[in-house]
Amino acid sequence: MIDLHYWTTPNGHKITLFLEESGLPYHIVPVNIGKGDQFSSSFLNIAPNNRIPAIVDHSPLDGGQPISIFESGAILLYLADKTHQFIPGDLRGRNEALQWLFWQMGGLGPMAGQNHHFVQYAPEPIPYAQERYIKETARLYGVLNKHLADGRDYISGDYSIADMASYPWIVPHQRQQQDLDDFPHLSLWFARVGARPATKRAYALADQVNTAPVVDEETRKLLFNQDASTVR
Ligand SMILES: N[C@@H](CCC(=O)N[C@@H](CS)C(=O)NCC(=O)O)C(=O)O
């Protein structure tokens, strides 16, 4: 059994996408980051960065003690290696999937995350920051659109952890001020991933876990005022 420490955000969705596809048994441990659950000592023991998602695998392949993992990219790779699913088995395919996984982790996720911050959550509009991250999000959408332009269905061969990492960050494209009509290959891929039954199950589950997704003043203080004292 796998415990998934989860909240209903793009990085959380990556892991429910995998678990719903693979059929691995799992149990959701909700970590309401809007209420400060990410600062509990039990969560910090497995996720020292006070960010979801994290997992605890109670049946690791080496037969040893339960293993805990934080960072969504590391979790996806762990689960793919555990199940031999959703990662190409050949050297070139595996490396293609991994480079797009790392592209998402180091590029699309952080840049779209800053886009969300400055477009939706900053206490006052800062035009330079908004423009910077809207443009950078557009550039990254353009990179993925170009990669998909050769007619491939998915980012690397069959559906893989590279797709699972990127899809949840494209879901809020309107909030990121992106128009999918500008990215026709990305748009087709987005519809293809969205039509998968496991994708639908993952997002339906999110609606059950978080029935009232609001970012109020209290939540803003918790999420956007962290500094080194937060982790001391
Ligand atoms: N690089 C991390 C980022 C995780 C992350 O930013 N998680 C956010 C939700 S999407 C979070 O837990 N935020 C809580 C906080 O800021 O205190 C990953 O991919 O796992």
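Trainee: Where do I start: how many helices and strands does the protein chain have?

Mentor: Remember that you're looking at a predicted model. Its protein chain has nine helices and four strands. Read from the N terminus, the elements go β-α-β-α-β-β-α-α-α-α-α-α-α.

Trainee: And what radius of gyration does the protein chain have, next to that of a compact globule?

Mentor: For 232 residues, a compact globule would come out near 17 Å, and the protein chain has 18 Å, so the two agree. If you'd rather think in boxes, the C-alpha atoms fill roughly 50 × 45 × 30 Å along the principal axes.

Trainee: Which residues does UniProt list for "domain: GST C-terminal"?

Mentor: The UniProt entry, which is unreviewed, gives residues 90-213 for that domain. In the model, this span is 69% helix and 0% strand, and its end C-alpha atoms are 41 Å apart.

Trainee: Okay, helices then. What describes two packed helices?

Mentor: You need the angle between their axes and the distance between the axes.

Trainee: Is the crossing of α3 and α4 left-handed or right-handed?

Mentor: Right-handed. On the α3 side, the contact uses S72, G73, L76, L77 and D81, while α4 brings R94, L98, L101 and M105. Sorted by class, that contact has five nonpolar, two polar and two charged residues.

Trainee: What about α4 and α5: at what angle do their axes cross?

Mentor: Helix α4 covers residues 91-121 and helix α5 covers residues 127-147; their axes cross at roughly 155° and come within 8 Å. So α4 and α5 are roughly antiparallel too. Here, though, α4 passes α5 in a left-handed crossing.

Trainee: Which residues in α4 meet α5?

Mentor: From α4 you get E96, W100, W103, G107, L108, M111, A112, Q114, N115, F118 and V119. Facing them in α5 are A129, Q130, Y133, I134, E136, T137, L140, Y141, V143, L144 and H147. By class, the α4 contact with α5 has 14 nonpolar, six polar and two charged residues.

Trainee: So how do I sum up α4?

Mentor: The handedness is what to look at next: α3 passes α4 in a right-handed crossing, whereas α4 passes α5 in a left-handed one.

Definitions and conventions:
Residues numbered from 1 in each chain as written. Predicted model: local features only at pLDDT ≥ 70, side-chain atom pairs only at ≥ 80, totals over all residues. Heavy atoms only, no water. Axes fitted to C-alpha atoms, helices over the stretch in contact; angles between N-to-C directions. Helix = DSSP H or I, 4+ residues; strand = E, 2+ residues; numbered from the N terminus. Parallel < 35°, antiparallel > 145°, perpendicular 65-115°, else oblique. Left-handed = near helix turned anticlockwise from the far one by under 90°. Contact = heavy atoms within 4.5 Å. Nonpolar A, V, L, I, M, F, W, Y, C, P; charged D, E, K, R; others polar. UniProt positions renumbered as here; feature names shortened; annotations may be inferred. Rg over C-alpha atoms; globule rule 2.2 N^0.38 Å.
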